[in-house]
Amino acid sequence: MAYSETIAKLIELLGNLPGIGARSAERLAFHLLKADDAEALALADAIRDVKTKIRPCGRCFNLAEGELCSVCDDPSRDASTICVVEQPKDLLSIESTGAYRGVYHVLMGQIAPLEGMEPEDLTIAPLIERVKAGGVREVILATNPTVTGDATALHIIDQLTPTGVKLTRLARGLPAGGQIEYSSRSILSDALTERRDVK
Ligand SMILES: [Zn+2]
């Protein structure tokens, strides 16, 4: 028996999600069909809300519901220290350590020419503007300790060196080739506290 067009479409869309195979997509679709209306529609609303209400922070490009994200909007944060991360998930990992009171800048990726990611595709230009605008004492490069993460950090270091701002890099407690988002809180917290000067 073939599924009706409506059900087939739901299964297809669920199957497009990462980590969801055809069988899981089918199981989820039937779960939603059986679920009560409020539960299923709350999921639909949540998906619509993240796509319509969440946008990049006007200052640091973290995910935000208003003009600024919750970090930039918090007056108790130290705006003179900017921690540069590749993606919002890395920011959340660093926040979970509770060891950092500065602000962030989210690059939205890493420089990877082979994958079509050039420096202009990242938020490097707005970062340089932030530093040039003044009031920034230190920029911590917290890109991933991978080949592309290191190359991205080097590019930013070259761009920021003329500004005279203090540049630091996370300590090598992080395993080489590892990913910030999968690092434990204690390792990340140590890498942050023991960060070192790059010049
Ligand atoms: Zn922000």
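The legends below describe close-up views of a predicted model.

**View 1. The five-stranded sheet.**
The strands of this open sheet are arranged in the order β4-β3-β5-β6-β7, and their pairing is mixed. At the edges stand β4 and β7 (196-197); each has a single partner strand, so one side of each has no neighbour in the sheet. Helix α4 packs on the sheet and touches β3 and β4. The direction of α4 makes about 160 degrees with that of β4. Helix α6 lies across β3, β5 and β6, and runs at about 170 degrees to β6.

**View 2. Strand β3 and its partner β4.**
Strands β3 and β4 run parallel and are joined by 5 bridges. Within this pairing, Val-85 is opposite Val-106 in β4. Of the 8 residues of β3, 6 are buried, so the strand is largely enclosed by the rest of the structure. In a regular strand, neighbouring side chains alternate between the two faces of the sheet.

Strand β6 (residues 166-169) and β7 run antiparallel, joined by 2 bridges. Thr-168 has Asp-197 in β7 as its bridge partner.

The largest nonpolar core contains 39 residues. Ile-94, Val-139 and Leu-160 are the members that touch the most other members. At least two residues of this core come from each of β3 (78-85), α4 (88-97), β4 (102-106), α5 (124-132), β5 (138-141), α6 (147-160) and α7 (185-193). Which residues does Ile-94 contact, leaving aside its neighbours within four places in sequence? They are Cys-83, Val-85, Tyr-100, Tyr-104, Ala-142, Leu-188 and Leu-192.

**View 3. The aromatic pair of Tyr-3 and Phe-30.**
The structure holds 2 aromatic pairs. One of them is formed by Tyr-3 and Phe-30, with ring centres 5.7 Å apart. The planes of the two rings are at 55 degrees to each other, and the pair is tilted. Tyr-3 belongs to the segment before α1 (5-15), while Phe-30 belongs to helix α2 (residues 22-34). The two residues are 27 residues apart, and the pair links distant parts of the chain. Tyr-3 is partly exposed because its relative accessibility is 31%. Phe-30 is also partly exposed, with a relative accessible area of 36%.

Thr-143 sits in the loop between β5 and α6. Is Thr-143 buried or exposed? Its relative accessible area is 1%, so Thr-143 is buried. The side chain of Thr-143 reaches the backbone oxygen of Gly-149 at 2.9 Å. A polar contact of 3.2 Å also joins the side chain of Thr-143 to that of Arg-169. Leaving aside neighbours within four places in sequence, the residues in contact with Thr-143 include Val-84, Glu-86, Leu-107, Asp-150 and Ile-180.

**View 4. Thr-148 in helix α6.**
Thr-148 is part of helix α6. With a relative accessibility of 25%, Thr-148 is partly exposed. Apart from neighbours within four places in sequence, Thr-148 is in contact with Gln-110, Ile-111 and Ala-112. Thr-148 and Glu-115 are 33 residues apart along the chain, and their C-alpha atoms are separated by 11 Å.

Phe-61 lies in the loop between β1 and β2, and its phi is near 75 degrees. This is a positive value in a residue other than glycine. Asn-62 is found in the loop between β1 (55-56) and β2 (63-64). Asn-62 counts as buried because its relative accessibility is 8%. Leaving aside neighbours within four places in sequence, Asn-62 is in contact with Arg-55, Pro-56, Cys-57, Cys-69, Pro-88, Leu-91 and Val-106.

**View 5. Met-108 in the loop between β4 and α5.**
Met-108 lies in the loop between β4 and α5. What is the phi of Met-108? The angle is near 65 degrees, a positive value in a residue other than glycine. Met-108 is partly exposed, at 40% relative accessibility.

Technical notes: Residues numbered from 1 in each chain as written. Predicted model: local features only at pLDDT ≥ 70, side-chain atom pairs only at ≥ 80, totals over all residues. Heavy atoms only, no water. Core = buried A, V, L, I, M, F, W, Y, C linked by side-chain atoms within 4.5 Å. Buried < 20%, exposed > 50% of the residue type's maximum accessible area, 1.4 Å probe, protein only. Helix = DSSP H or I, 4+ residues; strand = E, 2+ residues; numbered from the N terminus. Contact = heavy atoms within 4.5 Å. Phe/Tyr/Trp six-rings, centres within 6.5 Å; stacked < 30°, edge-to-face > 60°. Pairing = 2+ DSSP bridges. Axes fitted to C-alpha atoms, helices over the stretch in contact; angles between N-to-C directions. Polar contact = N/O pair within 3.5 Å; in protein donor to acceptor, adjacent residues only side chain to side chain.
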